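Subject: Structure handover

Hi there,

Here is the structure I promised to pass on to you. Please have it open while you read, as my notes follow just below.

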Amino acid sequence: MRSVKFTQEEKEYFMREALLEAKKAEIMGEVPIGAVVVLDGEIVGRGHNVREFSQDATTHAEIIAIQEANRNVKSWRLEKAQLFVTLEPCPMCCGGILLSRIDQVFYGAKDPKGGTAGSLMNLLQDMRFNHSCYVETGILEEECGSILTNFFREIRKKQKEAKKASIFN
């Protein structure tokens, strides 16, 4: 497939939409990762992490966005769709991407500890599978990375303050 060509402006627009989803997760106290599925230039699926809220390890942004897109297009096949996600997908999410036949994946920040769309390995372009995707990284990389960095920095700060407070109590 790989027939859709986006301008840099279009890529940034859709990644900003994924960042809005990440901000929703952050407000909930979740790791701020967001994703959108695009088909024919329209967003057909949105998702953000809700693992803490749901207590379900599979409720990653990509999976939720794919599920919503499946419902909206009334098909499990998303052959002509694109996924925009703020962080490099993990193995589970890459599996969902491959199984749903998403054509193109664009992500912002790399995940050197868990990413399998180029960092630890590249499941999305492994030709041993019956499907592969075009993958592009670095779309709004600084914004996508900084929302995560700031989130974890704030968590460490709160943990340090709580530890300090417990020492004095």
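Let me begin with a definition: rings of Phe, Tyr and Trp (for Trp, the six-membered ring) count as an aromatic pair if their centres lie within 6.5 Å, and a pair is called stacked when the planes are under 30 degrees apart, edge-to-face when they are over 60, and tilted for the rest. On that basis the structure holds 8 aromatic pairs.

Before going further, a word on the ground rules. This is a predicted model, in which local features need pLDDT of at least 70 and side-chain atom pairs count only at pLDDT 80 or more, while totals for chains, interfaces and linings use all residues. Residues are numbered from 1 along each chain as its sequence is written, and side-chain values use heavy atoms, with hydrogens and water left out.

**The aromatic cluster**

Back to the rings. Phe6 and Phe14 have ring centres 5.7 Å apart and planes at 70°, so this pair is edge-to-face. Both residues are buried, a word I use for under 20% relative accessible area; exposed is over 50%, and partly exposed is in between (1.4 Å probe, protein chains only). Phe14 also pairs with Phe84, this time in a tilted arrangement, with 5.3 Å from centre to centre and 35° between the planes. Because Phe14 lies in helix H1 (residues 8-27) and Phe84 in strand E3 (residues 82-87), the pair ties together parts that are 70 residues apart in sequence. Helices (H or I, at least four residues) and strands (E, at least two) are DSSP runs, numbered from the N terminus. Like Phe14, Phe84 is buried. Ring pairs join Phe6, Tyr13, Phe14, Phe84, Phe106 and Tyr134 into a cluster.

**The annotated site**

Which residues does UniProt list for "binding site"? The unreviewed entry gives His60, Cys90 and Cys93. The three span 34 residues in sequence, yet no two of their C-alpha atoms are more than 9.3 Å apart, so they gather at one spot. From this set, His60 and Cys90 are in the lining of the largest pocket. UniProt positions are given in the numbering used here, feature names are shortened, and annotations may be inferred rather than shown by experiment. As for the pocket, the search runs on a 1 Å grid over the protein atoms alone: a pocket is an open set of points with protein on both sides within 12 Å along at least five of seven lines, a cavity is a set where a 1.4 Å probe fits but cannot get out, and lining residues have an atom within 4 Å of a point.

His60 sits in the loop between helix H2 (51-54) and helix H3 (61-73), and counts as buried at 14% relative accessibility. Setting aside neighbours within four places in sequence, His60 is in contact (heavy atoms within 4.5 Å) with Asn49, Arg51, Cys90, Met92 and Cys93. Cys93 belongs to helix H4 (residues 91-99) and is buried, with a relative accessible area of 0%. Not counting residues up to four places away in sequence, Cys93 touches His60, Glu62 and Ile63.

**Cysteines**

How many disulfides are there? With a disulfide taken as a pair of cysteine sulfur atoms within 2.5 Å, the count comes to 0. For Cys94, the closest cysteine sulfur is in Cys90 at 6.9 Å, too far for a bond. For Cys144, the closest is in Cys93 at 15 Å, again too far. Cys94 is buried at 0% relative accessibility, and Cys144 is buried at 0% as well.

Is Pro91 buried or partly exposed? With a relative accessible area of 47%, Pro91 is partly exposed. The C-alpha atoms of Pro91 and Gly115 are separated by 7.2 Å, although these residues are 24 apart along the chain. Leaving out neighbours within four places in sequence, Pro91 is in contact with Gly114, Thr116 and Leu123. Thr116 lies in the loop between strand E4 (104-109) and strand E5 (134-137) and is buried, at 2% relative accessible area.

Best wishes
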